[in-house]
Structure formats: structure tokens, C-alpha cells
Amino acid sequence: MSETTEDAVLLEHVTKTYPGVEQSPRGAWLERRGPALWLHNLLGVARLTSNKAPPVQALHDLSLRIQPGEIFGLVGPNGSGKTTLMKLVAGLLQPSSGNGSVAGTCLSNTREIRRKVSYVSTTGWMGLEWPLTAEENIRFFATLCGMPTPLARVRTEEALHTVNLWEDRHKYPSQLSNGMRQRVILARALLFHTPLILLDEPTVGLDPVHTQLLLDLLRGRLRSYGQTIVLTDHQAAEMEGVADRIAVLDAGELVMLGIPGELRAALKEMTVIEVHTEEMESPATLPPSLVLAAEHIERPGALSVRTWRVYARTSSEALQTVLDWIVQPSGRVVFLAETAPNLQDVLALPRGAATGGHDESEHAHREAHL
Amino acid sequence: MTTFHPQRPDTEPMHKPGQHRQPLWRQFAALWAFGLREYRLWQSYRINQVLWMTNILVTTLLFFLLGQTIADQAASLLGPAYGTNYMSFVVIGVTVNIFIATNLSDPFFRIQRSYFTGTMDLFLLSPMSIYTPLLGLMARSILDDYPRLFFTFGFGMLLFGATFNFTYWPLALLFTVLFLAAGFGLGMLSASSFYLLDIKKGTEPIQFVIQELLATLLAGTYYPVTVLPRSLQWIACLIPHTYAYDALRRLLDPGAQPNVPVLPIQHVFPGLSPVLIDGIALTLFTVILVPLGVFAYGSGIERARRNGTLTRWQ
């Protein structure tokens, strides 16, 4: 893999497969715990035993190129491989096969990659030290990363102002709301103007005001530094307003990639019909051919009302055809709307449907699911 | 697919381009930050400090009171090698045990705690060496356990009649460095189980077998190894604790005779001074265990990076 300075991120045919986790049967005579587990795993490391659990493929033959200074959005449902991709780019994972580079550094050089990447994840405990204040948390990380103390002081203040937390800098994480803690994490990532910032679902838990603040920050200040930003979300709608390009991942594969306008254009052959009905069974017959997919959405609190979201090919008869299919003598339609699809709807479609391809087996699966 | 025209980058990596490692002083600065962090953590639980002090007092007093009860009978078992003061004998046993147990048992525990609280994820995202967090997290163990040395010696000397001969203190210091290093080598091996062998919960077998089992029963913390059957004395020779106790007692206990062999291996080489044999053994343990621990821990991290088990949350 040759070193390159052309791309912020370059992935070529990257596949990531996790080894399966073997479970010893519950109640077995020698359940694998303590020394038994140690011995079993030692034999596994020495390749004297084999792992019989099926491996899990998180990314499959993924090729991607992200340019410097770009804001790149990754969307996909849970389990689509977004976080695996982010970890791989952050140097926390190694690919099972394929090549790649991050800001000109080969993926295998994880230590060098960590110098060039700031990673913000809002899951888990976020690595905050609870006995340290917000300001101390950020300065502690600055020291760990080798930032000289005077610079750390200036950058910490700057970062806390940026995320609107300067007034709360002396508060401990336990005194901050979830959204505020998230902003401390973000401030920590802003300390270094690294070539690449990875934001894994950064708006989860933020109120609308601070979501907007974050999006403005991405569009404004970070872009002005020329930092490349890769952010993930399972809400594609938010991504449309901020990302220069968006990639849609599904089951570890890249299913769509382009600027938001292009992706929307790819959806112009599709219409979304939402039907609310009284309680009734799923349709007994197969859907008409113009239906690409259909979902039954549970609405907590809406007792006796069912919501059906049907993705169909654009046609003057689409609305009537879907109504004829879904409505039954026992049910009554209480609401009906036809809307243009947004990127969020791509995630509900069978693979290839939005871009013109058609995967029959996937389609059949969706029908069966309905 | 669109062509994107980026602005002129104004970014900076965390240190100079082409500089693949952080300078050593920055690693020390990170270690110092860890030390301060651990001090803040330690300090933030005030009730913990009271309990810590009480625990030290109770355990130290317990050992001494038991020791004093049997001191006269026990002294006759010491033989000429370790002098005749059982309280001096037990002070060295307890002190060495605290030090070596800390270095051996705590790395796994510290890594485990940091992993489950999510802070290890953060450390592994920073560009510092993978060994810096391991060393830095040990600051808490040092804060917690090393001060016990002063309490143990202080109580022993002031209240219970322990006496010491500090003539050979530089040699005693050298042996201390050696057994601390050997213990930390074992500690790194134990910590490597976390990533290399996926031992995430419960007791770690390396530290359990060596520290809790072999060292506690066979190394001679409270009694000389000569009270054990010969076969067990040979097993005692397989762990560094035994040599550390033997050497420091010979060097510090008043009336101890450095040339009288005690351990089976010392009888095998009658031409060599027992202290020299202890020194060679501890040096060998250090030279073998420290690189082995470094290798095993590094391999564990790389294995976890391949298998996706490196971080808990990110």
C-alpha cells in the first residue's frame, strides 16, 4: 500500500470479519470460567483448538474515497457496519482483508493514524472521569496526547466556548445533563485540529438547539480549518443538510453514494404512501408489482390504529392500487398521505430498489415480513 | 458522483509530521498526568481515605499481634541465616509481599476497571504508547499500597521491637528494584490475559496461581521455607518472591548470616554466596519476565485490535 496525501480516507476492497464467540453450554460440567476459560483461550491463541462459532462479517468488500476537507455522512440501520467503519478509520480495528490509508497513512500504522484522527463517540460512558470537572477532563486528555500545558489551557478554553460550556466548566460530569456531557466529549475532540474528525452519532441526546449548534459548527468553524469530517447517523434527514456527500451502508455493503441532491434524484421514481387504519390483519395477498416495500410501524400509545408505510414506484395509479391492496372489509382507513421520499426512506427499501436495481429475494423477504 | 473542492487545509496532527513516536518527555508528562488523576480519584472519596487508613492499621496490627504471640517459638525456627528476631523477619515478609503483590496483581485489575468504565477506550485513542496507560494506571496502586511500607516498618520498629541493620542498604535497594521489576513482569503477563485470552471478569489465573497460591503458601512471608517439605521448597524456588524474602532478610535482619544456605537451590551451589544466588535468580526473572510481559501485553492489544475487542464502547 503506497502512502498517499490525496485522500483523507481511502479504502480499497476492505472486509472486516469478527470471529464468532463460542458459548460453552449452560450447566455443562466444565463451564468455561476462570482457569478453564484461560486455558481454553490459551489453546485457541496457540491454534491448538479451533473456534467453531460462525464468524460475523461487518464490512464486505467496501471501497471508499473521502477527500480532504469534505463533510462525509454515513447512514445505515443498526448493524449496517457504520461503527466498524469508524473504528477501522480511527485505528481501533484492523481490516480482515483489503487496503486503505487515513490522511496518507497506511491502515496498519495505527499509532500514526491516532495522531491524525479525533474520534467522538456518544455511546457508553464516553471516557469521562467523574471526579474531574469538565475543564479538567479536557486538559487531562490534552496532556495524554502530549499537548504543552500553555497551549492546552488556551485550546481548552477555546473548545469550551465553542460548545457553549464555558460557564459550566467547573461542573463535574455527574452535574451535567447527558447532552452537556456529550458537548464535553465534542470539546475534547476540538482540542486538536487533526486532519480528520470522526463523529459517531453526535446528535443523539442533543436538544434541537444544540443539534443545530453542532451542525453549524461542522459547517462553519471546522470546515474553515479544512478538517475532514466523517459523521454517522441512522437519521438520514439530518445528514442531508450538512454533508457534502452521503454513503448509505446496509449489511456491511455500500448501497448508495453521492451528494444529497443526487441521492434524492435517485429516489424520484419512488413515492411513499402512509396509511393509518383501524386494527386489522396484514393483507393476505401478495403486494402489487409497483410496491417496492411495505412496513408496518408500531406507534406506542396509538391503540387500535395501525400505520402502514408503503414504498411504491411513482405512478398515477399508485395511491389507488395500494389502497385496494391494503384495505380489508374489517378495517377502516383513518388517514392517508402520499409524500416524496427522503433519504431516510432509502434505509427501508430492499437493496438496489432506490437506484433502479431490484433484488427479488430481498423483495420477497420484505413481503414475508409484512 | 460529485467532485469536491476542498479548502486549503489548516490542520495539524498531534505532533510533528514524520515523528512517529511522541518524545519520551511527553510520555513522562502523560505518566505525571495519570499520577495527578489517580491522586484526584483517590482524594475524591474521603470516606475511602478513612477506610484505607483503618485497613492499614488493622491488617498491620493483626500481623504484629499474631507475630508477637508466636515470636519466641518462631525465632528458634529462623536459624542462623535470618537472625533471631521474628518481628524483623515478619516486617520484611509483609513489606515485600505488599510491594510484589501490588506489582503482580494490580495491572490486570487496573486494566479491567478502566475498560469497564470506558476510560481505556479514550487512552487507546490517544497517540501515546500502549504501555503508558498500563504504567499510569498503576499510580493508584502505588498511592494505595506503597505507603504501607512506612506503616509496617514504623509499627514494627516503634511498637513491636523489630530491629534492622541498614549497613547494606544500597544492596537492599538494588534487590528491591529487581523484585519490583520481576513482579511487574508477571503483572504485565497477567494483564495481557485481559486482551490476549479474553479474561474479562473474575479472577485472573496467573496472579491467582502465583500470588494467591504459591507466594502465600510457599514463598515464606511469615515462616521460613525450611518448615515446608523438600518438594514444596523446590516449588517455592520457581517464584521471585522467595528470593526477595531471602535476600532482604539476610541483608537487613540483625544477626543474619549471609553465607548459610536455606533454599534448596542454594545447597546445590555451595561455592556461591546465597545472596549472589538470590541476585542471579531475581535478575533472570527480571530479564525474562519483563520482555515477556511487554511482548504478551503488546500481542494482546494487537489481537484485540484484529478481533474487535479492543474497546468496550466506542
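Reader: In which helix of chain B is the place of B:Ser114?
Author: This is a predicted model, where local features need pLDDT of at least 70 and side-chain atom pairs pLDDT 80 or more, while totals for chains, interfaces and linings use all residues. Residues are numbered from 1 along each chain as its sequence is written, and chains are lettered from A and ligands numbered from 1 in the order in which they are written. Helices are DSSP runs (H or I, at least four residues; strands are E, at least two) numbered from the N terminus, and B:Ser114 sits in helix H3.

Reader: Is B:Ser114 buried or exposed?
Author: A residue counts as buried with 20 or more other C-beta atoms, placed from the backbone, within 10 Å of its own, and as exposed with 12 or fewer, with partly exposed in between. B:Ser114 has 21 within 10 Å, so this residue is buried.

Reader: Which residues does B:Ser114 touch, leaving out those up to four places away in sequence?
Author: Contact requires C-beta atoms, placed from the backbone, within 7 Å. With sequence neighbours up to four places away left out, B:Ser114 touches B:Thr119, B:Met120 and B:Leu137.

Reader: How far is the C-alpha atom of B:Ser114 from that of B:Pro133?
Author: Along the chain, B:Ser114 and B:Pro133 are 19 residues apart. Their C-alpha atoms are separated by 9.5 Å.

Reader: Against which helices do the buried residues of H2(B) pack?
Author: The buried residues in H2(B) are B:Thr60, B:Phe63, B:Phe64, B:Gly67 and B:Leu78. In chain B, they pack against helix H3 (86-116) and helix H6 (148-159).

Conventions: Contact = placed C-beta atoms within 7 Å.
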